[in-house]
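This briefing concerns the contacts between domains within each chain. Please consult the sequence and the structure shown next while reading it.

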Amino acid sequence: MIFSSLTFIFFFLPILLLIYYITPKKYRNLILLIFSLIFYIYGEKQYVILLISSALINYIIGKKIEQKGRKKYLILGLIINITILLYYKYANFFIDTFNDIFSLGIKNLSIILPLGISFYTFQNISYLIDVYDKKIKSEHNFITYTTYLIFFPELIAGPIVRYSDIKKDLEQRKENINKFSYGITRFVIGLSKKILLADTLYNMKTNIISTSMSTLSYWLVAFTFLMQIYYDFSGYSDMAIGLAKMFGFNLKENFNYPLISKSITEFWKRWHISLSSFFKDYVYIKLGGNKVSKILNIRNLLIVWLLTDLWHGASYNFIIWGLYFFLFIIIEKLFLKKHLNNKILSHIYVITVLLIGFVIFNITDITELITFIKGMFGINTKLINNESLYYLKTNLVLIIISTLLGTPIIKNIITKLKKGKHIKLLNILEVPLILTLFLLSISVLLSSSFNPFIYFRF
Amino acid sequence: MKDKIKIILFLTIIYIVPLIIFIKKDTLLSYTERRVLITKEELKKNPLNNIENYLKDQFPKRDKLINISSIYKRYILKNYETNNAYLYKNVIIEKNYPLNTQNINNFITNINKINKTYFKNNNKLLLIIPDKSYYLSNKNYLKIDFNYLELLLNKIEINHKFLNNLTLNDYYKTDIHLKQSSYLKILKEINPKFQNINYTKKVLKDFKGSSYSKIPVVKSEELEYLTNNIIENSIVTHFEYPNIKNVYNLENYNKLDPYSIFLNGPSALIEIETQNDSNKELIIFRDSYASSLTPLLLPYYKKITLIDLRYITLKEALKRVETINKDILYIYGTEIINNSNVLKINFE
């Protein structure tokens, strides 16, 4: 089930809200657990046992780590989690690679990637390491632990929530009108990002790709690659945060206007924050971070980036994508960062690197990828043609809106107005604005049969 | 207070909508989309798989909400096109783009081959009707290069005419087709001997054509049909619908496709016998443009056979039709020529 579906909005959510709020507080986690399982089963029946087993194993190991033989159990837990992830996500990739290198002809395994496995495996890992590091105490209630792991807002597309961030809410949270109201706002904003922007950008992309391509077309498609994934994924995170808020939970932000970054290093601090901070805390810092020699520091960064590539998918383009960003981070670290003082130039640099980077992210076929990048630089391609001019003009408002909303301009205006005399006006406008966005999203959802989320299979 | 109002309104929407959907009687058809909607019966067969489409189909005020989405794309995003269609001079024009030279060349090769193989000694003519995108200005719209298309079509080895003497007013605003009276202009292109005959023009109000739902800001219009004794006395034999005997089936006006009053809509093979003195017979290979033209040809023929190669293969059609000494007329719009892979032509 996806959040931007009528089934979720008009069937699952109202039933859950009703049952949740009429249930006594002490059973509310159980209600969330049951509904999270229903949510998961609706999308993927076959792996629900794997999901529950994963929760049970990590719950037991967590307790063992705390009781005795700590390191041994941590290693066991890490091996189990990583092996499951490797098997489901990378087995066929490795088979294909070995076949390519050694011409072995080994048959692929018939594996379907379990929904949300990358997200819940990382949550398990973070939990075990935090228990081992004594940052948190292990959870003694299986229902509470499983609710943490499979809480439906973050189950299938993140953010990667750490147990320490949610423990208090799991045990003793306060649902109130303010939180619920804020939850509605965030959910509707996320829904609008997904339906009104991400899906519209997707349509723009598919229209352009079906015509003869010019250099301008390639850049327009590159723009849609970057912006679609941003609004798709940040919209999903907004919906997750909003939904969690409706049930009294406080999830951490996963995006912080990454497109306004002035360096690639800064971008990765603002984009998919829960993943970047996972690798930073559990890999980079564990390896010594930047408190080691320059060469070891570069090695640490390389390891982090190789893992980031692999987390995103078992495909060569993801490896190139990770190494591409690793390269820019190293260049910035070594000398470029000092020279990124000019605001305009630094934004141009970041956006150009991102546009090319997300082309690499989106195109899995290496030959197609090379053709695309050649096209972006005018190799064997006309600079402009009728089609590209047409698609630029017809999508100009979408391009402007999606660019502006990628910056904190609206947020800053609202903050300023709130500080001034206009707070009453803002309060009056908020409700109709949110309801308009909600109904507009529903109307576009009704008119369109296309609706897949991008981040589900990572 | 603001928070309470927001919560009450949001909850009202998410609770009232499913209640209405499950309490109200299902809507069976979508007239704007011309399709059957998913009902509770189908939902019961496979609830998990059908629930989303059921909710989408039975959503309260569905058509109005879908219109809002078109308005959003058109007036907020300022998209030139909405649902693959343009609004040009208050006429909905479906996009026919890009030019598919492979399909066009296949069409040309097939027409030439059909004539050489089966109709060597027949009188033959191909009429090419431009789709409405022909009349779009080049600025701000994507349209195929019709000059190039005409140039390619010159490779057709039989007499052929690209009907460039029509205007956008000859077409319906909300439908892809020509008004029937517009065909009177081109009868002489088919045969200079065809004289004007008197018809009674009848109109059906509130016509929403097949393009209407794509940009639902254009008002409904009138659907016209021309009739006289010859047309009314002609007897139609449908390959698929043996019970339909009339040229105009007015019952269809209130069904999913109002335009199917003409020859009962899409049909693979139709024979029409007239009560004329003429001994001439005509075979028309056609797309839907021929549906309203054919009645106007009835006064000049004893029998007209219509073959729609989208629904029957050439081989199957020719097994059922006698072709000797018959006039052959091909009528195709430029959409079908540009998408000629839909025609079931094979020579094996």
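A salt bridge is a side-chain nitrogen of Lys or Arg within 4 Å of a carboxyl oxygen of Asp or Glu. In chain B, the side chains of Lys95(B) and Glu81(B) form such a salt bridge, with an N to O distance of 3.0 Å. The model is predicted: local features need pLDDT of at least 70, side-chain atom pairs count only at pLDDT 80 or more, and totals for chains, interfaces and linings use all residues. Residues are numbered from 1 along each chain as its sequence is written, chains are lettered from A and ligands numbered from 1 in the order in which they are written, and side-chain values use heavy atoms, with hydrogens and water left out.

**Chain A overall**

- Chain A holds 20 helices and zero strands, where helices (H or I, at least four residues) and strands (E, at least two) are DSSP runs numbered from the N terminus.
- The radius of gyration of chain A is 23 Å, close to the 23 Å given by the globule rule for 458 residues, so chain A is as compact as a globular protein of that length; the radius is taken over C-alpha atoms, and the rule is 2.2 Å times the number of residues to the power 0.38.
- Along the principal axes, the C-alpha atoms of chain A fill a box of roughly 65 × 65 × 45 Å.

**Domains of chain A**

- The domain assignment, which is automatic or from a database, gives domain 1 (6-173) and domain 2 (179-262 + 340-457) in chain A.
- In the contact (heavy atoms within 4.5 Å), domain 1 of chain A takes part with 32 residues and domain 2 of chain A with 23 residues.
- The C-alpha centres of domain 1 and domain 2 of chain A are 29 Å apart.
- About 2400 Å² is buried between domain 1 and domain 2 of chain A, 74% of it on carbon and sulfur atoms; buried area is the accessible area (1.4 Å probe) that two parts lose on being put together, summed over both.
- On the domain 1 side of chain A, Ile9(A), Ala157(A) and Pro159(A) lose the most area to domain 2, together 21% of what that side buries.
- The rule finds one salt bridge across this interface of chain A.
- Asp165(A) and Lys252(A) meet through their side chains in a salt bridge of 3.5 Å, N to O.

**Domains of chain B**

- Chain B is assigned domain 1 (2-88) and domain 2 (94-342), and their C-alpha centres are separated by 35 Å.
- Contact involves 21 residues of domain 1 of chain B and 25 residues of domain 2 of chain B.
- Domain 1 and domain 2 of chain B bury about 2000 Å² between them, with 63% of it on carbon and sulfur atoms.
- Arg34(B), Tyr86(B) and Tyr88(B) supply 40% of the area that domain 1 of chain B buries against domain 2, more than any other three residues.
- One salt bridge is counted between domain 1 and domain 2 of chain B.
- The elements giving two or more residues to the domain 1 side of chain B that touches domain 2 include helix H4 (62-76), strand E3 (81-82) and strand E4 (85-88).
- H4(B) gives the most to that side of domain 1 of chain B, with five residues.
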